[in-house]
Structure formats: structure tokens, C-alpha cells
Amino acid sequence: MSEERFGEFVLVRRHADGHVAELALDRPKAMNAVSTAMARSVSAACAVLGEDRDVRVVVLTSTHERAFCVGADLKERNSFSDADLLRQRPVTRGAYTAVLELPVPTVAAVHGFALGGGFEMALSCDVIVADPTAVVGLPEVSVGVIPGGGGTQLLPRRVGAARAAELVFTARRVAAEEARELGLVDQLVEEGRDREEALELASRMAANSPVGLRAAKRALRLGHGLDLRAGLEVEDAAWRSVAFSGDRAEGVAAFNEKRAPRWPGE
């Protein structure tokens, strides 16, 4: 396993021959509150991972034992002028967008608090794995703002408009069991095993064609919310992008030869 640090607060570890990248939020003294510097580091790490053709899956984790991420750094913002806040906006928004737009499958491993921007970072991933200590929510209206890292758009896509409205308008925190029942998280695992289970899930994903994984994610994301006819056109375009690839030829050959595929990744 290799490690690379992006700024002071983000650590990237590479697993499974570099095919699984772990993006670890590493600001333990602030429960991973998203400061300007941390937001820049998340964006920088995602830019590198998105361009790395060896990376097939990214897992978003936390090094803090009691929190995934508590959201925006309100202590930093308390010192901001309006102009400071306006200047920070594209930086913080860019971090959430960078996670959302990673071209490979993404898995969030959540334990403890995942609130506000922290939950939005998890919502930006394709799958959320949580342990029983997880507490999630979008409490922004309780401090005079709204979810600004994608929450008002990502949450209703997960749980429907009415449920999302109730959660956003009440600003309530949701414990792990209810979060699983409502679809706020996808898998509930044993306490303390969210990271391990997320990495295992990522390894199973990463065993598949890297070309296929990227195309499938593109079809899923771009097709969501379209009418069926338009969605099928998105799917067809994604299919055409892989149908004549080296991965497709290798996959068929490996199946017929009853062996594990050796993906060329092209």
C-alpha cells in the first residue's frame, strides 16, 4: 500500500495493486470540518485520481474515530466577512463537485457524525456504507443557510422529494438504523468495520473491467432523471464506447477460456 498526502488534511492510500484508491479525510482536531484548505486538498486529490487510469474505484474514509465529517468549518466562517464567504464559495463547492464527478465508482465509509457538508460528501458517492455509530443529516437551516454541497439535489434523488423536504426543513439528525431504513445509507455493517467493508466492496468492483466501470457510471449518472427514451440513448452511447474496446475482447475471451480476465483498460 502506498500513501500520498494532499495538503495537511487529505491522505490518499492505494490498495489492490493501485486499483482501489482510498481518499481519507484527515483533520482529526476538527472532526474533519471542511475548511478552505481542506476543500482545496479534496479537489486536488480528486483531480489526480480522476486522471489515473489505474484507479478503478475510490473509497472516501475518515481517520477520526468518532466522525466522518461534521460539515463546514463554522469556526473559520465566524471570522469571515461577506466578501470572504463569497470568495470561499467556489472553493468549497468545487470539493463536493470533485467527488461527485469522479469518473469511477465511489464508496463512502461512514461512522460517527456525517452532517451538513460531511453528509453531502457521502451523498456525492455512488454507495454509502455505514456502521451503527453513524449519525447523518443536513442541519444547515438551523444555522441560517441551506445545504450548499449538493444536498438539496442529491438527497431527493435518493429518498424522494417529500422525505428530503422533511429532513432538510427539520434539520434533524438520523441515527444509523433509521438512515438505512430511509435509504440515506445503503449498507449497515458491524461497528468499526465501515472502512474495511467499503474497501472490500471496492475490491469486488475493481475486479471488473475499468473501461466498463467508467462507462457504466457515466450511463447511470447521465441517464438519471431523463425520460426512458432519452435514458436509453445515453445507455447506447455508453455501450458503443466499450463495445469495441480491448476490455470487451478480453472479457469475452476470458469467459470462453474459463480464466480470470487480464484487463488492458482500454
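Mentor: Two strands count as paired if DSSP finds at least two bridges between them. The model here is predicted.

Trainee: In which sense do strand β4 and strand β6 pair?

Mentor: Strand β4 covers residues 57–62 and strand β6 covers residues 106–110. There are 3 bridges between them, and the cut-off for a pair is at least two. The sense of this pairing is parallel.

Trainee: Which residue in β6 does Leu60 stand opposite?

Mentor: Strand β4 runs over residues 57–62, and its partner here is strand β6, residues 106–110. The residue in β6 opposite Leu60 is Ala108.

Trainee: Which strands stand at the edges of the sheet?

Mentor: The sheet is open, has mixed pairing and holds 7 strands in the order β1-β2-β3-β4-β6-β8-β11. An edge strand has a single partner strand, so one side of it is left without a neighbour in the sheet. The strands in that position are β1 (2–6) and β11 (187–188).

Trainee: How many residues apart are Asp126 and Arg221?

Mentor: Their side chains meet in a salt bridge, 2.9 Å from N to O. This pair links distant parts of the chain: Asp126 lies in the loop between α4 (117–123) and β8 (127–130), and Arg221 lies in helix α9 (residues 210–223).

Trainee: Is Asp126 buried or exposed, or partly exposed?

Mentor: Buried means under 20% relative accessible area and exposed means over 50%. Asp126 has 29% relative accessibility, so it falls in between and counts as partly exposed. Arg221, its salt-bridge partner, also has a value of 29%. The class of Asp126 is therefore partly exposed.

Trainee: What is the N to O distance between Glu166 and Arg172?

Mentor: Glu166 is partly exposed, with a relative accessible area of 26%. Arg172 is partly exposed as well, at 26%. Their side chains meet in a salt bridge, and the N to O distance is 2.7 Å.

Trainee: Glu250 and Arg259 meet in a salt bridge; is Glu250 buried or exposed?

Mentor: The N to O distance in this salt bridge is 2.6 Å. Arg259 is partly exposed at 23% relative accessibility. Glu250 has a relative accessible area of 13%, and the limit is under 20%, so Glu250 is buried.

Trainee: Which residues do salt bridges that share partners join into one network?

Mentor: The count of salt bridges in the model comes to 18. Through shared partners, salt bridges make one network of Glu3, Arg13, Glu22 and Arg195.

Terms used: Residues are numbered from 1 along each chain as its sequence is written. This is a predicted model: local features need pLDDT of at least 70, side-chain atom pairs count only at pLDDT 80 or more; totals for chains, interfaces and linings use all residues. Side-chain values use heavy atoms; hydrogens and water are left out. Helices (H or I, at least four residues) and strands (E, at least two) are DSSP runs, numbered from the N terminus. A salt bridge is a side-chain nitrogen of Lys or Arg within 4 Å of a carboxyl oxygen of Asp or Glu. Buried means under 20% relative accessible area, exposed over 50%, partly exposed in between (1.4 Å probe, protein chains only).
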